[in-house]
Amino acid sequence: MSGKQIFEDLTKNGKPRPWRKNKLDNLTYAEYLLMLHYRKAAKVKECGNVLRFKKTKDGSLKLYQTWFCKSRLCPLCAWRRSMKNSNQLIQILNEAHREYPKGRFLFLTLSTKNTYSDTLNKELRHFGTAFNRMMNYKKISKNVLGYVRSTEVTVNHDDGSYNQHMHVLLFVSSNYFRDSNNYISQKEWTKYWRKAMKLNYQPMVNVEAIHPSKSKDDLLAGAKETAKYQVKSADYITDDEQRDLQVTDDLEQALSHTRAISYGKLFKTIRKKLQLENEDDLINTDDPNEDEVLTDAEIVVAKWNYELQNYFID
């Protein structure tokens, strides 16, 4: 094996893509599933074992064939899903701005008090229902042209509780900032979220306008925040195995049949028009138009070596 070449996949900026780190985390996750007696453990372990790439003209690699387990908590799949969601969202936002050049973007964060494993799934479902209810409130509905929302769960290791919060990228009409009949303050957003969630306390809500003068950078940051992992692997892969097993089991149960990301109104229409609806395809995470120039490209194959804990060129 000493003559084998270690596989390396660099971005166009020369930064190594984290295939090895995510595969190592994937193996830890698979081991946890096995210890917890989940039947999918063996399939999760095989995720991304053989990677086939096409080499582009500039020497970078584009994945064209592998097998992903698509488990919600799998670090490899979560990484690819985040990349795909982010790239698709940028395409949707650009098209929305082209159709409504005077529209403005807002970044909204909605949260509630921490909950525990026995109520986390119910709370996540309630989040989705309450958000849909809130978006139908008259003042919000008339101003919001489109939106994308994602739910993130973080772990409080001190008391074993979970914090669920929603990231929302809103596209509002040009009238939004003109007068109080259209503008919604942070205080009002808080009131609407409390009403939609039917809470008896003031929830944590934050809203920020993305300024036109630096909208490109702010939009990119907002898109990445909205499209990022639903749960970070660092929350269930730590140096405390017993705690990790409990967290993994809790999250497996809680995230079942919940939506990680959802589009509404104009964004949903554009997503359908651009044919970006294939959520299961974790191979093609970039612009689909790039495939046209890779017909006769050189093939690079990387295989995971369990003994040496790395990918090697085959």
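**Reading a cavity and a sheet**

Student: Which residues lie nearest the centre of the largest cavity?

Tutor: A cavity is a set of points on a 1 Å grid over the protein atoms alone where a 1.4 Å probe fits but cannot get out, and lining residues have an atom within 4 Å of a point. Here 18 residues line the largest cavity, and R81, K228, Y229, Q230 and A260 lie nearest its centre. This is a predicted model: local features need pLDDT of at least 70, side-chain atom pairs count only at pLDDT 80 or more, and totals for chains, interfaces and linings use all residues. Residues are numbered from 1 along each chain as its sequence is written, and side-chain values use heavy atoms, with hydrogens and water left out.

Student: Which elements give two or more residues to that lining?

Tutor: Helices (H or I, at least four residues) and strands (E, at least two) are DSSP runs numbered from the N terminus. The elements in question are α3 (75–99), β4 (144–156) and α7 (215–227); α3 gives the most, with four residues.

Student: What is the volume of the largest cavity?

Tutor: About 150 Å³, a volume being the space filled by probe spheres set on the grid points, which are joined across faces, edges and corners.

Student: In what order do the strands of the open sheet run?

Tutor: Strands pair if DSSP finds at least two bridges between them. The order of the four strands is β2-β1-β8-β9, with antiparallel pairing. At the edges, β2 (61–65) and β9 (310–313) each pair on one side only. Strand β1 (residues 50–55) pairs with β2 over four bridges, and F53 stands opposite L63 in β2.

Conventions:
On a 1 Å grid over the protein atoms alone, a cavity is a set of points where a 1.4 Å probe fits but cannot get out, and a pocket is an open set with protein on both sides within 12 Å along at least five of seven lines; lining residues have an atom within 4 Å of a point.
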